[in-house]
Structure formats: structure tokens, C-alpha cells
Amino acid sequence: MTTTELSGKRIAFLLTDGYEDSELSSPWQAVTDAGATAVLVSPATESVTGKKGHSQYVDLAVAEANADDFDALVLPGGVVNADHLRMDEDAVSFTRDFFAAHKPVSAICHAAWILIEAGVVEGRTLTSYPSLKTDLQNAGATWVDEEVVVDQGLVSSRTPADLPAFNAKVIEEAREGTHAGQTL
């Protein structure tokens, strides 16, 4: 169902090869159906390919991306994707800049690794793929096993099975805009 509740909003999707296909395609469809402009940001320059073969063109190189140009950030999961992004300085900096600007950030599955690397999870409550529980706790986060968690503009979910709840909160938080508690 197409709506206009996110009309005029620009949502960045940060990912690279090896992402979980549905964790890009499902939230992308949800935000565009809600009227937002989705922009694929990546260290890759041409296109990215998910672990199940979904391919999509890159709109903007992360080295040239600026959080000021977007209203929210979505971080799809996938082990390979998240592992590569957390080692990319531009991707980590781009992510951190959303927190500095108090803008909504949504991470699903293994994408929480990027949040850990960005140094933004201490004192926050979130969920992730269960294997990241100890990593998040060691970084100072409170980890809970729930389909979706919202903590002051930070949305997190566990797996593709949680996408309906995740997508609803991505839209809700993007619509609400900045959150004073969403910070470094």
C-alpha cells in the first residue's frame, strides 16, 4: 500500500556485497511505499549482490556520502556485509554521523557489528542475530531477545522473520525524525 507519510524524506541504505537479500529488499519497499526516497550507499562503486543473488545498483559511494543529506539510515544484515562494513572507515564514520545528528538508525541481524565499531551502543538496549549478544554486551549494550527494539531512534531486529515489525518501526522512527537520546 502506497502512502505519503514519508514524503520528502531521504533514507540511506548502507551495505555492500554479501548482505541478506530480504533485509535490503523488504525495508526498501516499505520506505518507498511510504513515499520516501531510498538511496543505496556503499563502498562498492557499481552494484552490490546479496548472498542469495539479489543485485542492486549503488546510488552513492559512502566516501562521498554525508549524513546531513538524509533523514534516516537503514543497515541491512548478512555476515559478510556487516563484517566488511565494520572494517570500512568511511562506512563507520557515515554511521556515527547519524548518531551525532540524532537521526534514526535501523539495524537488523548482523548489522549491529557496524554499530559496535562506530562506538554507539554503550548504554543502549537493542537486539540482533543471537550470535552478536556477547559482542553487544561487551560493547556496553543491553541485549534483549525481541523481534524489534526501539531505543530513542535506534531500531534493531534479529532476523528476516522479524521484517514486518522492523519495517513498521523504520517508518515510524523516520516519520518522527530526530531524537535527543539518539547520540554518541
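Buried means under 20% relative accessible area, exposed means over 50%, and partly exposed is in between, using a 1.4 Å probe and protein chains only. Keep that in mind as you click around. This is a predicted model, where local features need pLDDT of at least 70, side-chain atom pairs count only at pLDDT 80 or more, and totals for chains, interfaces and linings use all residues. Residues are numbered from 1 along each chain as its sequence is written, and side-chain values use heavy atoms, with hydrogens and water left out.

**Stop 1: the annotated span**

Select residues 9-173. An unreviewed UniProt entry annotates this stretch as "domain: DJ-1/PfpI". UniProt positions are given here in the numbering of this model, feature names are shortened, and annotations may be inferred rather than shown by experiment. The span is 35% helix and 24% strand, and its end C-alpha atoms lie 12 Å apart. Helices (H or I, at least four residues) and strands (E, at least two) are DSSP runs, numbered from the N terminus.

**Stop 2**

Now select strand E1, residues 10-14. Four of its five residues are buried, so E1 is largely enclosed by the rest of the structure. Two strands pair if DSSP finds at least two bridges between them. E1 pairs with E2 in the parallel sense over five bridges, and Arg-10 has Thr-37 as its bridge partner in E2. Follow the chain from E1 through H1 to E2: this β-α-β crossover is right-handed. That is, with the strands pointing away from the viewer, the path from the first strand over the helix to the second runs clockwise. E1 also runs parallel to E6, joined by three bridges. Look for Phe-13, which stands opposite Val-74 in E6.

**Stop 3: helix H1**

Select residues 21-33. Helix H1 has 13 residues and reaches 18 Å from its first C-alpha to its last, close to the 18 Å expected at 1.5 Å a residue. The expected span is 1.5 Å times one less than the number of residues. Which residues of H1 are buried? They are Asp-21, Glu-23, Leu-24, Pro-27, Trp-28, Ala-30 and Val-31. What covers them includes strands E1, E2, E4, E6 and E7, along with helix H6. Just after H1, click on Gly-35, which takes a positive phi of about 100°.

**Stop 4: Leu-15**

Step back to the loop between E1 and H1, where Leu-15 lies. Leu-15 is buried, with a relative accessible area of 0%. Contact means heavy atoms within 4.5 Å. Not counting residues up to four places away in sequence, Leu-15 touches several residues, including Leu-24, Leu-40, Val-48, Pro-76 and Leu-85.

**Stop 5: salt bridges**

Side chains of opposite charge can pair when their charged atoms come close. A salt bridge here is a side-chain nitrogen of Lys or Arg within 4 Å of a carboxyl oxygen of Asp or Glu. By this rule there are eight salt bridges.

- Asp-145 and Arg-158 form one of them, with the closest N and O atoms 2.8 Å apart. Asp-145 is in the loop between E9 and E10, while Arg-158 is in the loop between E11 and H6.
- Arg-158 also meets Asp-162, at 2.9 Å from N to O. Asp-162 is buried, with a relative accessible area of 4%.
- Lys-169 and Glu-172 meet at 3.1 Å, N to O. Being three residues apart in H6, they are separated by about one helical turn. Lys-169 is partly exposed at 25%, and Glu-172 is partly exposed at 23%.

**Stop 6**

Select E10 and E11, which pair in the antiparallel sense over four bridges. Here Val-150 stands opposite Val-155 in E11. Most residues other than glycine have a negative phi. What is the phi of Gln-152? Its phi is near 50°, a positive value. Gln-152 lies in the loop between E10 and E11, and at 43% relative accessibility it counts as partly exposed.

Finally, select His-102, in the loop between helix H3 and E7. His-102 has a positive phi as well, near 65°, and is partly exposed, with a relative accessible area of 27%.
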